[in-house]
Amino acid sequence: MAETDFDVIIIGSGPGGYVAAIRAAQLGLKTACVESRETLGGTCLNVGCIPSKALLHASELYEEAHSGMLAKWGVKTSGLELDLGAMHGTRLEAIKGLTGGIEFLFKKNKITWLKGHAKFTAKDAIEVAGTSYKAKNFVIATGSSVTPLPGVEVDHQRIVDSTSALELAKVPETMVVIGGGVIGLELGSVWRRLGAKVTVVEYLDQILPGMDGEVRKEAAKLFKKQGFALRTSTKVTGAKAGADSVTLTVEPAAGGASETIEAEVVLVSIGRRPNTEGLQLDKAGLAVNQRGQIETDHEFRTPVPGIWAIGDVIPGPMLAHKAEDEGIAVAENIAGLTGIVNHEVIPSVVYTMPEIAGVGLTEEDAKAAGHEVKTGKFPMMANSRAKTNREGDGFVKVIADARTDRVLGVWIIASVGGTMIAQAAQAMEFGATSEDIAYTCHAHPTHSEALKEAAMAVTGKPIHV
Ligand code: FAD
Ligand code: NAI
């Protein structure tokens, strides 16, 4: 095989692409991965999951110390100061360590990193930095980027997107977040904890679309208690950036009188869109759907034989772990094995405090799908560990089919909800009933006991409420 010929070339090295590359190489395929960024790891490691979680962790520590929460535990602080530079330093260290780790794994697995932007020149060929490469299989894993909002141009100074919001050199006094989704609430939490007065402007009548209705209501209540101002059913119609602040024009989503809001910094976080620009998909005989996504079958094949696609660029939730699982599955399918992802059981987590996590159907979706449902709820305040840790906000909700008792969905608001949801996902993957969870012995004292009790509550038998 020529040096420029491969069994598989993966375009994009995010959690979808790099995982696909590693699995393909493990399965004995001659593998290359194209990445136009200077470091591997995609959105997730460079400007997404990892840096946002670094700042969420750091800002949580600061808030705990600053608000006197630590003093309640007998940990007294004095001369407390915020060193934002050091916080950013630790964030950058995390990115460097993890992206370097992927580079190490590429070398270890003998994966060729083709540096530059890939574009198709034919069904079986791409060009990267002036060189042509051929492969028996291509995997498009080009991910997604920020959806722009017409009339609100991101300048990365006053009007920022999720990337520039991670890099603010100073804590703004006021911040408006456009979009009450995952990014707005996570990054809004970071800057609120560090001292900004944060207003969330959301087009819909509630924040966190797609989540269970009761969870959305509880989340809004808790965020307000934390000091967020929530302006739901409101749309932004324009923005004017001045030297020190931005003037936003907003009006009711249903139409009506407009008003202005001033903020030192505005974060645009109204969603993400698939990256296909410059790929020359037409040269490969491929087209995108109305939402700009590349459609695939259940095995991640596009309509063009030999071209596959995974991750944020295809339909489905835009989540790193969904992309990773698809990366493993696509490599196994290319190698002639059977790679499967169960899209019914993909957990999602918002890493605020408390964390908000869910897997499977919401109560509303379960009913709309024709299920008669039984639900069980257990408050974190009645969980001994959470209460002791002063983490009593939130609840666990189990949604089961009333006829079969099979668990259809689990929704959690709890300080460690993101960790707790893994157990629910595993139970659902095994087709568990609420009774299966209720009769599984859970270690005491753990937050996870709340899931057991919520499962017990499906049949009305929790112990601690
Ligand atoms: P990406 O990670 O977007 O990677 C695609 C890569 O392809 C990019 O590096 C890009 O440079 C490269 N590329 C694109 N086109 C080309 C081309 N033509 N040639 C060469 N290279 C190309 N998800 C979670 O599950 N948990 C979280 O906590 C979380 N936090 C997030 C926080 C933020 C602020 C953001 C923005 C996103 C977050 N996400 C989170 C979403 C997550 O980052 C994405 O779902 C995930 O990265 C998608 O993986 P991917 O492999 O499909 O694409
Ligand atoms: P999102 O889809 O989560 O939220 C966008 C919000 O903006 C929605 O509530 C929507 O109704 C609102 N909106 C849309 N247009 C609007 C307008 N003109 N004015 C006011 N509100 C408007 O998108 P977000 O937060 O940008 O995140 C993008 C993706 O990144 C998500 O799909 C998510 O999957 C992923 N992500 C995941 C994280 C996690 O798993 N913890 C963290 C961050 C991002």
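Where does E251 lie? E251 is found in strand β13, which spans residues 246-252. Helices (DSSP runs of H or I, at least four residues) and strands (runs of E, at least two) are numbered from the N terminus. E251 counts as buried because its relative accessibility is 19%; buried means under 20% relative accessible area, exposed over 50%, and partly exposed in between, with a 1.4 Å probe and protein chains only. Apart from neighbours within four places in sequence, E251 is in contact (heavy atoms within 4.5 Å) with T234, K235, T237, G256, A257 and S258.

This is a predicted model, in which local features need pLDDT of at least 70 and side-chain atom pairs count only at pLDDT 80 or more, while totals for chains, interfaces and linings use all residues. Residues are numbered from 1 along each chain as its sequence is written, chains are lettered from A and ligands numbered from 1 in the order in which they are written, and side-chain values use heavy atoms, with hydrogens and water left out.

## Nonpolar cores

In soluble globular proteins, nonpolar side chains tend to be buried together. A nonpolar core is a set of buried Ala, Val, Leu, Ile, Met, Phe, Trp, Tyr and Cys residues joined through side-chain atoms within 4.5 Å. The largest such core in this model has 54 residues, and those with the most contacts inside it are I9, F106, F120, I126 and I140. Helix α1, residues 15-26, gives the most to this core, with seven residues. Beyond its neighbours within four places in sequence, F120 is in contact with residues including I11, F138, L279, K283 and I307. A second, separate core has 42 residues, among them V171, L208, M211 and I399.

## Ligand 1

An oxygen atom of ligand 1 lies 2.6 Å from an N or O atom in the side chain of K53. Taken alone, ligand 1 exposes 1,000 Å², and the protein buries 93% of that; accessible areas come from the Shrake-Rupley method with a 1.4 Å probe, and for residues only the protein chains shown count as cover.

## Ligand 2

Around ligand 2 there are 22 residues, of which I183, E186, E202, M318 and V349 are the closest. This shell has 13 nonpolar, five polar and four charged residues. Helix α7, residues 182-193, provides the largest share of it, three residues. A nitrogen atom of ligand 2 is 2.8 Å from an N or O atom in the side chain of E186. A nitrogen atom of ligand 2 is also 3.2 Å from a backbone N or O atom of Y203, and an oxygen atom of the ligand is 2.9 Å from a polar backbone atom of M318. The protein covers 78% of the 850 Å² of accessible area that ligand 2 has on its own.

## Backbone features and a buried loop residue

| Residue | Phi | Loop |
|---|---|---|
| K110 | about 55° | between α5 (84-108) and β3 (112-115) |
| A129 | about 45° | between β5 (125-128) and β6 (131-140) |

K110 counts as exposed because its relative accessibility is 70%. A129 is likewise exposed, with a relative accessible area of 62%.

A cis peptide bond joins M353 and P354, with omega about -5°. P354 is in the loop between β18 (348-350) and β19 (355-360). The peptide bond from H444 to P445 is cis, with omega near -5°, and P445 lies in the loop between α14 and α15 (449-458).

A432 lies in the loop between α13 (417-429) and α14 (434-438). A432 is buried, with a relative accessible area of 7%. Not counting residues up to four places away in sequence, A432 touches D405, R406, V407 and A427.

Terms used:
A residue is near a molecule or strand if one of its heavy atoms lies within 4 Å of it. A polar contact is a pair of N or O atoms within 3.5 Å; within protein, one must be able to donate a hydrogen and the other to accept it, and residues adjacent in sequence count only if both atoms are side-chain atoms. Ala, Val, Leu, Ile, Met, Phe, Trp, Tyr, Cys and Pro count as nonpolar, Asp, Glu, Lys and Arg as charged, and the others, Gly among them, as polar.
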